[in-house]
Amino acid sequence: MASLPKPEELVKIDYNPPRRGWMDNPVEFRRGTWLYAAKPRHLEALGLPNPREWSPEEEDWKLPPEWREIVLEGFKERLERFRSLKLFMDICSRCGACADKCHFFIGTGDPRNMPVLRAELLRSIYRRYFTLSGRMTGKLVGARDLTEEVIKEWFYYFYQCTECRRCSLFCPFGIDTAEITMMGRELLGLLGIYPDWIIAPVANCYRVGNHVGIEPHAFRDMVDFCVDEIENVTGIRVEPTFNRKGAEILFIAPSGDVFADPGIYTFMGYLMLFHEIGLDYTLSTYASEGGNFGLFTSHEVMKRLNAKMYDEARRLGVKWILGGECGHMWRVIHQYMDTMNGPADSLEEPVSPLTGTKFENARSTKMVHICEFTADLIRHGKIQLDPSRNDVFKVTFHDSCNPARAMGFFEEPRYILRKVCNRFYEMPENTIREQTFCCGSGGGLNADENMEMRMRGGFPRANAVGYVREKYGVNLLACICAIDRAVLPALMDYWVPGVGVAGLHELVGNALVMKGEAERTTTLRGEPLKGSGDDENT
Amino acid sequence: MGVAFSLAVVGVLILAITLAVEVLGLRFLVGAVLPYVAVAVFLGGMVYRLLGWGRSPVPFRIPTTGGQQRSLPWIKPSSLDNPSSTAGVIGRMALEILLFRSLFRNTKAELHGGPHLAYHWEKWLWLGALVFHWSMLLVVIRHLRFFTDPVPSFVYWVEGIDGFLRVGLRALYLTDITLLLGVTYLLLRRFFIPQVRYISLPGDYVPLFLLLGIGLSGVLMRYFVGVDVAAVKELALGVLTFRPRIPEGIGVLFYIHWGLVCALLAYFPFSKLVHMGGIFLTPTRNLPNDSRARRHVNPWNYPVKVHTYEEYEEEFREKMKLAGIPVEKE
């Protein structure tokens, strides 16, 4: 693994494009800026094409002999299947409004990280093989031949996009680079070109049920660990159930919340809340993953993984599904699940058993976001909260890309946040809500070997956190995304040391006043409620 | 290279028209044949484009949400930036098409020492684009006076407002100025903003040079050189009513203007200018964000291989039983 440059080195970014045109600049695979190749056994487990040992650093990528035909045939098929792709190939006017909206462009200055050029990587091939003018005049209209260099360039840059859709918000034609990147990745996939960091979780999720391959008994162990921890802090023993038929609600969280710090504190928050309100729910070991790295692989793989949610809900006979805090998981649930694997005939329109609220916005999908559920509980006074238990924190909130720009999920988490903590400060308006910046590691890019690129991509987000840290002394970055919880701690340590990262329901767990609880002296993390947290500014 | 080539293309066009009209005397070809070819290519090309886009389905509901969703009844949704109903979508599309809503969000990111990233006010692109497109529309409407008899009242109405400035006895149309300013601005930013220069293709310069040529020749005719307006109208009406004839006394400047418009029309369907039609179809804007409330159907949805619960239990049954997790088959 490459050594990571210091922040003061990394921030020397040259935004001036090189003299040579981008088509004449082959990609250089510099360590720290790309992902390792997928191991053949994962491709075999999923039945994906061309499993083999290979590395992006090597000259020979071991493509199948007829690779060009495969890509062009796949391209044609996708043009026929997705109006988005066909339209976005044709209508860009290259106005450049998207350029400095991309966190990877801001963090690298690499012109091919301007969303417009990321799309031109595909468009140049589209023009050459699917338009008359491109076939006839070639480079004059921005067309070029499909070579192995192009394939390598695609791999480098389509895995330097987190599918965050920030550029699509600013595009006057609504061109969505996430669509472009997804198509580019699908085409690469036809040749068996995947990063290991994405395809290993997919293979695990497919067979075992979750990204890291936690088998059912181990999954239970991990949840039981959280149960013990809750008892240590509150004196109350919560009793989650597993694969229980007849429960009213199936709860599915991103598995990162079950096994990784700081996600486990968020998971503890969920369990405490459900216990306190006496929710009739069950966890599933089969559908033990809310996240779906299929979104970063292909539409087909996304569907294959997502199918478990409705299948398990049907098998267990629950009425509806409640989903935990996760970003890309919610893009899949909100914009793809019902279309791919619905209709969810075995389920009922979700109704909160506590408040009677009908979640009409989820009446077809039958899956409710935990923040919608909790905000409704708080609004109806169904839980008692003591926000002073979070007084050790000065909190800011990071809107995760997918809930922000694929749902419009802004007020629900903020409403909860204001009820569970006393000190909440917003980052500058150009960096939050629909304009939020990606953590830099979404879209399946959160591998260690990609650390330099992650720190570059996360720079705009970190910079905004730095702003509220300087101004208000913020020491906690709250979020509703498991990838955020996994990657933001490293990003904060690198750019803004001293800022912790927490899921929203960790703060709910801290503030939740539970019936019969022992007096709380620590947060869920076991840190004293008062004293040490009143940071260096005082 | 792109700039020189594009300029040369337009230069050659102007030269060819001049040559055809002045030297070869092909007035009928330029004045009366070319427009039919151009309009046919334009209409045919645009229909081909729209049908082509329309033939590909929209498998998933993927709006980019620019505001609060409709969820709980006490949370105010952002009904235009994140519409959940058809009416909201119409509103969002109207804002997008008429006022360039998304471009209005534009900012400019700048890295300062510290490091501090700052996001600066940058509405010039929005303003320039808006000024150009609206000017273009109004100029086209004004030109209807040449193609209609009697001239509809809304054309006079537009002329009246547009020409409220007077130079001597003649109206000075504001849109003549703003159109040229708009095009010039769009061109200059391609020259001077390094990133925009880097991404610009000949296909970005050609339309701008064409528009500049059309605008300048029009302005020259109207304000400086002069043209027999009655004769021009006779020609235009003749073409429109399929009784084309070429009146005497029309100078070459008009043919250049007319010929460049034909070139633009014929080029339109094969250029990035198709964004005019495409914007209506863009799936990140023209769909309501209601995919959890109403099921969106994908016409090519196909069954996929999944790992079933039975297969899962088969592999892990003993471990599940030991951990006290219920199983289907004991």
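This is a predicted model: local features need pLDDT of at least 70, side-chain atom pairs count only at pLDDT 80 or more; totals for chains, interfaces and linings use all residues.
Local features need pLDDT of at least 70 and side-chain atom pairs count only at pLDDT 80 or more, while totals for chains, interfaces and linings use all residues; side-chain values use heavy atoms, with hydrogens and water left out. Residues are numbered from 1 along each chain as its sequence is written, and chains are lettered from A and ligands numbered from 1 in the order in which they are written.

**Contact between the chains**

- Chain A and chain B bury about 8,800 Å² between them, 58% of it on carbon and sulfur atoms (buried area is the accessible area, with a 1.4 Å probe, that two parts lose on being put together, summed over both).
- On the chain A side, A:Arg83, A:Arg94 and A:Thr339 lose the most area to chain B, together 9% of what that side buries.
- The contact takes 114 residues from chain A and 91 residues from chain B, where contact means heavy atoms within 4.5 Å.

**The hairpin in chain B**

- Strand β1 (residues 107-112) of chain B pairs with strand β2 (residues 116-121) of chain B in the antiparallel sense over six bridges. Strands (E, at least two residues) and helices (H or I, at least four) are DSSP runs numbered from the N terminus, and two strands pair if DSSP finds at least two bridges between them.
- B:His112 stands opposite B:His116 in β2(B).
- Three residues lie between the strands of this hairpin, and B:Gly114 takes a positive phi near 135°.
- B:Thr107 belongs to β1(B) and counts as buried because its relative accessibility is 10%. Buried means under 20% relative accessible area, exposed over 50%, and partly exposed in between (1.4 Å probe, protein chains only).
- Leaving out residues up to four places away in sequence, B:Thr107 touches A:Asp100, A:Lys101 and A:Asn430 in chain A, and B:Tyr119, B:His120 and B:Glu122 in chain B.

- Helix α14 (residues 263-277) of chain A has 15 residues, which at 1.5 Å a residue should span 21 Å; the end C-alpha atoms are 22 Å apart, which agrees. The expected span is 1.5 Å times one less than the number of residues.
- Of the 15 residues of α14(A), 14 are buried, and A:Gly278 just after the helix takes a positive phi of about 65°.
- A:Ala203 is found in helix α11 (residues 196-207) of chain A and is buried, with a relative accessible area of 7%.
- A:Ala203 touches A:His42, A:Ala45 and A:Leu46, not counting residues up to four places away in sequence.

**Aromatic rings**

- Over all chains there are 47 aromatic pairs. Rings of Phe, Tyr and Trp (its six-membered ring) pair if their centres lie within 6.5 Å; planes under 30 degrees apart count as stacked, over 60 as edge-to-face and the rest as tilted.
- The rings of B:Phe104 and B:Trp126 are edge-to-face, because their centres are 4.7 Å apart and their planes are at 70°.
- This pair links helix α4 (residues 101-104) of chain B, which holds B:Phe104, to helix α5 (residues 124-143) of chain B, which holds B:Trp126, 22 residues apart.
- B:Phe104 is partly exposed at 36% relative accessible area, whereas B:Trp126 counts as buried at 17%.
- The charged end of B:Lys123 sits over the ring of B:Phe104, 4.6 Å from its centre. For such a case, NZ of Lys or CZ of Arg is within 6 Å of the ring centre and within 35 degrees of the ring normal.
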